[in-house]
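Here's a quick report on the chain you have open. Have a look at it below, then read on.

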Amino acid sequence: MWGTCVKNGIATIDCIVPIFQSVVGAALALVGTTAVILILVASIKYITSGGGKAVDEAKNMVTYAIIGLIIVLVSFFVIGLISGFTGVKCIMTFGFGGC
């Protein structure tokens, strides 16, 4: 993946695609992991709350985590549409292969 973008020890413009793929792949993993952790924490908080304000905070935490996860998934759907319409298939590799 990186061998073709470095010439004589200097990074070329060809390095942009692998860097972008690596960053997006890492961001996807981070967002997914964070959403799952937030949902688990909010669920435990909801179960152990005595009622009142703590229940509302736990419900809001779950709601916002799910909304954030949906926004990320919709963004990948939009990127997939752009990839399909433009014919640039390497947009969708996200660190799992090359162009």
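## Ground rules

Helices (H or I, at least four residues) and strands (E, at least two) are DSSP runs, numbered from the N terminus. The model is predicted, so to speak of local features takes pLDDT of at least 70 and side-chain atom pairs count only at pLDDT 80 or more, while totals for chains, interfaces and linings use all residues. Residues are numbered from 1 along each chain as its sequence is written, and side-chain values use heavy atoms, with hydrogens and water left out.

## Overall layout

You get two helices and two strands here, in the order β-β-α-α from the N terminus. Of the 99 residues in the chain, 17% are buried (under 20% relative accessible area; exposed is over 50%, partly exposed in between, with a 1.4 Å probe and protein chains only).

## Helix α2

Val74 sits in helix α2, which runs over residues 53-86. Is Val74 buried or partly exposed? Val74 is partly exposed, at 45% relative accessible area.
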